[in-house]
Amino acid sequence: MAIILRLDRMMADRKISLNELAEKVGISNVNLSNIKTGKVSAIRFSTLDAICEVLDCQPGDILEYKKEEDVNG
């Protein structure tokens, strides 16, 4: 997938733990962990909004687009 989640980097910059962020955002640790590790195919705007509110950041600080290389050359 061309979208990369950089939540782990933002959490480290803000010195906030997974448990603390999950509690403040209002989602389970498991769901937040899946977002953090990129094991999701979608994220609700309301969840992204809450994460950005807690971390005082922009969606672009968490989401990165990386063009997939053409394997055929």
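**Figure 1. Contacts along the chain of this predicted model.** Among contacts (heavy atoms within 4.5 Å) between residues at least 6 apart in sequence, 61% join residues at least 24 apart. This is a predicted model, where local features need pLDDT of at least 70, side-chain atom pairs count only at pLDDT 80 or more, and totals for chains, interfaces and linings use all residues. Residues are numbered from 1 along each chain as its sequence is written, and side-chain values use heavy atoms, with hydrogens and water left out. Helices (H or I, at least four residues) and strands (E, at least two) are DSSP runs, numbered from the N terminus. The C-alpha trace spans about 45 × 20 × 20 Å along its principal axes. Of the 73 residues, 26% are buried; buried means under 20% relative accessible area, exposed over 50%, and partly exposed in between (1.4 Å probe, protein chains only).

**Figure 2. Helix H2 meets helix H4.** Here H2 (residues 18-25) packs against H4 (residues 45-55) at an angle of about 120 degrees, and their axes are 9 Å apart. H2 is therefore oblique to H4. Axes are lines fitted to C-alpha atoms, for helices over the stretch in contact, and angles run from 0 to 180 degrees between N-to-C directions. Angles under 35 degrees count as roughly parallel, over 145 as roughly antiparallel, 65 to 115 as roughly perpendicular and the rest as oblique. From H2 come Leu21, Lys24 and Val25, which meet Thr47, Ala50, Ile51, Val54 and Leu55 of H4. Sorted by class, the residues of this contact are 6 nonpolar, 1 polar and 1 charged. Ala, Val, Leu, Ile, Met, Phe, Trp, Tyr, Cys and Pro count as nonpolar, Asp, Glu, Lys and Arg as charged, and the others, Gly among them, as polar.

**Figure 3. A closer look at Lys24 and Thr47.** Lys24 sits in helix H2, and Thr47 in helix H4. Lys24 counts as exposed because its relative accessibility is 52%, whereas Thr47 is buried, with a relative accessible area of 12%. Setting aside neighbours within four places in sequence, Lys24 touches Ile16 and Val54, while Thr47 is in contact with Val25, Ile27 and Ile35.

**Figure 4. Helix H2 meets helix H3.** The axes of H2 and H3 (residues 29-36) come within 9 Å and cross at roughly 110 degrees. The two helices are therefore roughly perpendicular to each other. Leu18, Asn19, Leu21 and Ala22 of H2 make the contact with Asn29, Leu32, Ser33 and Lys36 of H3. This set has 4 nonpolar, 3 polar and 1 charged residues.

Figure 5. Lys15 is in the loop between helix H1 (7-14) and H2. Although Lys15 is not a glycine, its phi is positive, at about 55 degrees. Lys15 is exposed, with a relative accessible area of 74%. Asp56 belongs to the loop between H4 and helix H5 (59-62). Asp56, not a glycine either, has a positive phi of about 55 degrees. With a relative accessible area of 65%, Asp56 is exposed.
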